[in-house]
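Please look at the sequence and the 3D structure shown below. The paragraphs after them lead through the chain one part at a time.

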Amino acid sequence: MAKKSMIIKAQRTPKYSTRKYNRCQICGRARGYLRKFKMCRICFRKNASLGLLPGITKSSW
């Protein structure tokens, strides 16, 4: 879980556009971020296995 201060800091508009970084909308994690789903890899995996993300299926071969 990310610190509350870091989540709020990421939501502010930065002085320069290159300073902007993405955080997971669920837990606030900055690393392992998936742009298409706007969440980190851990939350993505949890929600996909629960069936909360439409169109996502676990691959197996």
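The model they are read from is a predicted one.

We begin with a loop. Lysine 38 sits in the loop between β1 and β2. Its relative accessible area is 44%, so lysine 38 counts as partly exposed. The backbone of lysine 38 has a phi near 55 degrees, a positive value in a residue other than glycine. Most residues other than glycine have a negative phi.

Next comes helix α2, which covers residues 41-50. Which residues of this helix are buried? They are Cys43, Phe44, Asn47 and Ala48. Viewed down the axis of α2, these buried residues fall within an arc of 125 degrees, so they line one face of the helix. The face turned away from that buried side carries Arg45, Ser49 and Leu50, which are exposed. Part of what covers the buried residues of α2 is β1 (33-34) and β2 (39-40). Just after α2 comes glycine 51, with a positive phi of about 85 degrees.

Phenylalanine 44 is in contact with Leu34, Phe37, Met39, Leu53 and Ile56, leaving aside its neighbours within four places in sequence. Asparagine 47 also belongs to helix α2. Why does asparagine 47 count as buried? Its relative accessibility is 12%, and buried means under 20%. Not counting residues up to four places away in sequence, asparagine 47 touches Ile26, Met39, Leu52 and Leu53.

In soluble globular proteins, nonpolar side chains tend to be buried together. In this model the largest nonpolar core has eight residues: Cys24, Cys27, Met39, Cys40, Cys43, Phe44, Ala48 and Leu53. β2 and α2 are the elements that give two or more residues to this core. The helix α2 gives the most, with three residues.

Now turn to helix α1, where isoleucine 8 lies. Isoleucine 8 has a relative accessible area of 47%, so it is partly exposed. Between isoleucine 8 and cysteine 24 there are 12 Å in space, C-alpha to C-alpha, and the two are 16 residues apart in sequence.

The largest pocket holds about 280 Å³ of space. How many residues line the largest pocket? There are 17, and Ala10, Gln11, Arg23, Cys24 and Gln25 lie nearest its centre. Helix α1 (residues 4-11) supplies three residues, the largest share of this lining. By class, the lining of the largest pocket has nine nonpolar, four polar and four charged residues.

Methods: Residues are numbered from 1 along each chain as its sequence is written. This is a predicted model: local features need pLDDT of at least 70, side-chain atom pairs count only at pLDDT 80 or more; totals for chains, interfaces and linings use all residues. Side-chain values use heavy atoms; hydrogens and water are left out. On a 1 Å grid over the protein atoms alone, a cavity is a set of points where a 1.4 Å probe fits but cannot get out, and a pocket is an open set with protein on both sides within 12 Å along at least five of seven lines; lining residues have an atom within 4 Å of a point. Grid points are joined across faces, edges and corners, and a volume is the space filled by probe spheres set on the points. Helices (H or I, at least four residues) and strands (E, at least two) are DSSP runs, numbered from the N terminus. Ala, Val, Leu, Ile, Met, Phe, Trp, Tyr, Cys and Pro count as nonpolar, Asp, Glu, Lys and Arg as charged, and the others, Gly among them, as polar. Buried means under 20% relative accessible area, exposed over 50%, partly exposed in between (1.4 Å probe, protein chains only). The arc is that of the directions from the helix axis to the C-beta atoms. Contact means heavy atoms within 4.5 Å. A nonpolar core is a set of buried Ala, Val, Leu, Ile, Met, Phe, Trp, Tyr and Cys residues joined through side-chain atoms within 4.5 Å.
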